[in-house]
Amino acid sequence: MTPRPRELTPDRSVRHLFGAEMRRLREQAGMSLEDLAAVIRYSRSALHRYETAQAMIAPDLADKLDAAFGTDGLFAKLYALARNEVHPDKYRRRMELEARALTIEEYSGHTVPGLAQTEAYARELLRQGNPESAAAEIDEKVAARMGRRSLLQGPARPYLSVILDEGVLRRAIGTPEVMRAQLEALLPLVDSPVGIIQVLPFKHGAHALLGGSLTLLTLDNGTSVAYEESITTGQLLEDAANVARHRRAYDVMRANALSPRETGALIASAMEALPT
């Protein structure tokens, strides 16, 4: 029995529209995915992912499809829009990709990243960010966030590299006890076999990621994606050029961050500065 094609939402996503048009024209031409793969010299599995909108469109695919179907630049125009589109399922997809990551690299300018948060710290952040939420809803979100930490356990855990702005250590979240416990929880991660934490000090001044946060995921198939986030929005970037640009910014920041030893000392100093 032939499996039912994945349902697309071309009215809500350019990437889905690209896949829908690819499927429509392929079927209109009486071609299977194998037939199309032979014509444009692509693997069937890759074409399946693009047609079902499960992967960011490869840069050279649009021109190949326009040539194969004689569509006079249709796919090139759709790709130009899709490459800058905020993925409609960005949060869910980010979690799916995070679960496949071999390496997770994060920069956070305001709070400890979710993977390294204590339960009390996470609860305070979620409570402040959602002041009208019921206690049960906050409990559910805290449990989900704590569940993500299982990624860092077991033999298949990813390598975690984190750069924190110094402000993350200095801004107290919750009571002094909550903040002290969170800072203490960071210390074992500062320089471990499976991860590293560095601090970008105030004295460094301005940088390319000021005002937001960034996550870079290196996946099990060797590709990389980036996820950038501001106060209320998040954008998943899978286009190779955009990911490379964000990686350069991260690498520059890492070069200017404190060493693990200096980072550990600064975290300890921040803990001592908290009121008792």
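Is Asp 251 buried, partly exposed or exposed, and what is its relative accessibility? In this predicted model, Asp 251 has 33% relative accessibility and therefore counts as partly exposed.

**View 1. Asp 251 and Arg 254 form a salt bridge.** The closest N and O atoms of the two residues are 2.9 Å apart. Both residues belong to helix α11, which covers residues 240–256. Because Asp 251 and Arg 254 are three residues apart in this helix, about one helical turn separates them. Arg 254 is partly exposed, with 27% relative accessibility. Salt bridges with shared partners join Asp 251 and Arg 254 to Glu 105 and Arg 247 in one network.

**View 2. Arg 23 and Glu 51 pair in a salt bridge.** Here the closest N and O atoms are 3.6 Å apart. Arg 23 has 14% relative accessibility and counts as buried, because the cut-off for buried is under 20%. Glu 51 is also buried, at 4%.

**View 3. A salt bridge connects the side chains of Glu 34 and Arg 44.** The N to O distance is 2.8 Å. Glu 34 sits in helix α2 (residues 33–40) and Arg 44 in helix α3; the two are ten residues apart, and the pair links distant parts of the chain. Glu 34 is partly exposed at 44% relative accessibility, and Arg 44 is partly exposed at 38%.

The structure holds 16 salt bridges, including the pairs Asp 251 and Arg 254, Arg 23 and Glu 51, and Glu 34 and Arg 44.

Terms used
Residues numbered from 1 in each chain as written. Predicted model: local features only at pLDDT ≥ 70, side-chain atom pairs only at ≥ 80, totals over all residues. Heavy atoms only, no water. Salt bridge = Lys/Arg side-chain N within 4 Å of Asp/Glu carboxyl O. Buried < 20%, exposed > 50% of the residue type's maximum accessible area, 1.4 Å probe, protein only. Helix = DSSP H or I, 4+ residues; strand = E, 2+ residues; numbered from the N terminus.
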